[in-house]
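Good morning, colleagues. Please look at the display first.

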Amino acid sequence: MSASKKPHLNIVVVGHVDNGKSTTVGHLLVDLGEIDQRTIDAYAKESEATGKGDTFKYAWVMDSIKDERERGITIDLAFQKFETNKFFFTLIDAPGHKDFIKNMITGASEADAAILVISVKPGETEASIEPGGQGREHAFLAKTLGVGQLVVALNKMDDAGYQEARYKEVKDQVEKMLKSVGFNTAKINFVPVSGWKGDNLVKKSTNMPWYKGMTLAESLDAFEVPEKPIGKPLRIPIQDVYSITGVGTVPVGRVETGKMRPNDKVVVMPSGAVGEIKSIETHHTQMESAEAGDNVGFNLRGVDKKQIKRGDVIGPVDSPPSVAKEFEARIIVIHHPTAIAPGYTPVLHAHTAQVAATISSFVSKLDPRTGATTEEAPKFLKTGDAAIVRIRPVRPLPIETFKDFPEIGRFALRDMGTTIAAGVVLNVTEKYDPNKK
């Protein structure tokens, strides 16, 4: 089957630094035949030359990709895409990339599923899953941002002498942690692997005859394809707008929900400009219609280039995208050097939009494990806190509630080059109406 014929899933790899994400994914891609051994051997040489020794060769695959990505060099898509028997996967981000949280939230990169890599090495396990550990933080984020499906790779089994006792011990700890952040662990596979040696990545390990479950690749194939939100009203966050001579205004974006076809009347928010879709294309091919999941460019008649920009959202005239002057959200503070007080104004990233936004008030503080209210109107919030807050973007922002449109109802708050918080929209408390400017 060619890649395009298999169902497609976006996947993100999460877990604590040094728990072996890069090595595990690098080796998985090699065992799946996505990267040839020659490339690996070349990386191994390079790795040895830097004095890091052979162990880093699989991690080098991922890290060199990351470096190339950071330098803006386009690289072979094989690195970001891979196939299993059943699925065609896009790896949203090279593991360990500091901006993966932002990438999980913005643009076309909502993750459908995640691989959580946890080391079974004493000390490393605790560092990852105790409060403040990245394994816990990433799991909570994935849950908060609607990533419902997860597989856990319990890594470095070779370090633990492939002992079943250590596997069980760590599995219990990780299960407790995942339950505490809201996952249903009955549906989660815990696979004992060695990212370095290759045990249970694609081939069943002979070192762990006691383990009767699936390999990592089989666990990926056990994921389910989320239903495409085709029945919902059309929503297209705009990525770019071109003005093409002889054609007119051509916005480009990914259809997040619903469907569209030529002659549909649509409205651009927040400007309120109404236009008609004349033609739709993807990769220079004309389309009769487009639906959720398609990346398209379309000729929009009747809308001036000045009335539409990146971050705007297009929808049907009879069900226009909502635009917020203020909204209520549930957030989790991922990282802040001190504490946040009401009035704090970071940059909000949601779908394709970026806008400065003020956290105008703190409604309540929540227990991150249960979601129960622990304090009304807290004075400040610090790293690790979960809360319900009111947010006022400095200009009207097209955004929806997470309940109705999860695809455009999640956001990140960034400041000083890092992600401060991530959250989901609970309700729009003050709507913007373009007709009452």
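I begin with β5, α7 and β6, which make a right-handed β-α-β unit. Right-handed here means that, with the strands pointing away from the viewer, the path from the first strand over the helix to the second runs clockwise. Helices (H or I, at least four residues) and strands (E, at least two) are DSSP runs, numbered from the N terminus.

Before going further, the basis: this is a predicted model, in which local features need pLDDT of at least 70, side-chain atom pairs count only at pLDDT 80 or more, and totals for chains, interfaces and linings use all residues. Residues are numbered from 1 along each chain as its sequence is written, and side-chain values use heavy atoms, with hydrogens and water left out.

Within the unit, β5 (residues 149-155) pairs with β6 (residues 189-192) in the parallel sense over 4 bridges; two strands pair if DSSP finds at least two bridges between them. A153 stands opposite V191 of β6.

What is the strand order of the open sheet? Its 6 strands run β2-β3-β1-β4-β5-β6, with mixed pairing. At the edges are β2 (81-83) and β6, each of which pairs on one side only. From one strand to the next, the twist averages 30°. Strands β1 (residues 8-14) and β4 (residues 113-119) run parallel and are joined by 4 bridges; there, I11 has A113 in β4 as its bridge partner. Helix α1 (residues 21-31) packs on this sheet and touches β1, β2, β3 (88-91), β4 and β5, where contact means heavy atoms within 4.5 Å. The direction of α1 makes about 145° with that of β1.

Turning to the helix pair, α6 (residues 134-144) packs against α7 (residues 164-180) at an angle of about 40°, with axes 9 Å apart. Axes are lines fitted to C-alpha atoms, for helices over the stretch in contact, and angles run from 0 to 180 degrees between N-to-C directions. The contact involves G135, R136 and A139 of α6 with M177, L178 and S180 of α7.

Finally, the backbone. Most residues other than glycine have a negative phi, and most peptide bonds are trans. N200, in the loop between β6 and α8 (216-221), has a positive phi near 60°. M269 and P270 are joined by a cis peptide bond, with omega about 10°; P270 is placed in the loop between β10 (265-269) and β11 (273-282).
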